[in-house]
Amino acid sequence: MSVTAKVGTADLRKAQRKAAPIASAAKAAVTMAAMRDTNQFVPYRPGSGALRGTAELESKPEKGELVYGNGDVVYARPQYYGCPNKTWPGTVMRWFEHAKPIYMSSWLDEGERAAKEASGK
């Protein structure tokens with residue numbers, strides 16, 4: 001036996017307006033935490049450090065986008081996917097995938113804290 005209830009139209013705009021800033025805060029917190037913890041694995045050229053620096057300039061934390069490389073740092077893709085020219089100990093190719101299993105739980109914790117703060121709880 002089942003019971004079916006028909007729900008009329010519901011205006012969800014107010015809930016959506018509340019949810020958007022909370023989601024944005026959580027995305028930004030997770031993205032910033034990922035940038036912070038991943039940076040140590042990004043190949044580093046002494047004297048320049050340009051590849052690491054692009055994450056701060058090019059990323060869009062509120063959209064959940066962590067970006068390395070730009071028009072001035074065109075070697076990001078080869079460094080990430082397989083033509084390494086690493087000059088700094090501890091750096092790796094596919095740095096995000098390397099950091100993810102190590103730090104993901106703390107990134108999510110930071111996102112949850114940011115969401116709670118944004119919701120006023």
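This is a predicted model: local features need pLDDT of at least 70, side-chain atom pairs count only at pLDDT 80 or more; totals for chains, interfaces and linings use all residues.
What covers the buried residues of α2?

View 1. Residues are numbered from 1 along each chain as its sequence is written, and side-chain values use heavy atoms, with hydrogens and water left out. Read along the sequence, the pattern is α-α-α-α, where helices (H or I, at least four residues) and strands (E, at least two) are DSSP runs numbered from the N terminus. The C-alpha atoms fill a box of roughly 65 × 35 × 25 Å along the principal axes. The protein has a radius of gyration of 20 Å, whereas a compact globule of 121 residues would have one near 14 Å; this radius is taken over C-alpha atoms, and the globule rule is 2.2 Å times the number of residues to the power 0.38. Buried residues make up 27% of the 121 residues, with buried meaning under 20% relative accessible area, exposed over 50%, and partly exposed in between (1.4 Å probe, protein chains only).

**View 2. Helix α2 and its two faces, one buried and one exposed.** In α2, which spans residues 50-58, the buried residues are L51, R52, T54 and A55. Seen down the helix axis, these buried residues fall within an arc of 150 degrees, so they line one face of α2; the arc is that of the directions from the helix axis to the C-beta atoms. An α-helix has 3.6 residues a turn, so residues three or four places apart point the same way. The cover over the buried residues of α2 includes α1, α3 and α4, and contact here means heavy atoms within 4.5 Å. The face turned away from the buried side carries E56 and L57, and L57 counts as exposed because its relative accessibility is 65%.

**View 3. The largest pocket, with a volume of about 300 Å³.** On a 1 Å grid over the protein atoms alone, a cavity is a set of points where a 1.4 Å probe fits but cannot get out, and a pocket is an open set with protein on both sides within 12 Å along at least five of seven lines; lining residues have an atom within 4 Å of a point. Grid points are joined across faces, edges and corners, and a volume is the space filled by probe spheres set on the points. The lining of the largest pocket holds 15 residues, of which L66, Y68, Y80, W95 and F96 lie nearest its centre. Helices α1 (13-38), α3 (76-81) and α4 (95-119) each supply at least two residues of this lining. The lining residues divide into 11 nonpolar, two polar and two charged, where Ala, Val, Leu, Ile, Met, Phe, Trp, Tyr, Cys and Pro count as nonpolar, Asp, Glu, Lys and Arg as charged, and the others, Gly among them, as polar.

**View 4. R94, in the loop between α3 and α4.** Although R94 is not a glycine, it has a positive phi of about 50 degrees. Most residues other than glycine have a negative phi. With a relative accessible area of 42%, R94 is partly exposed.
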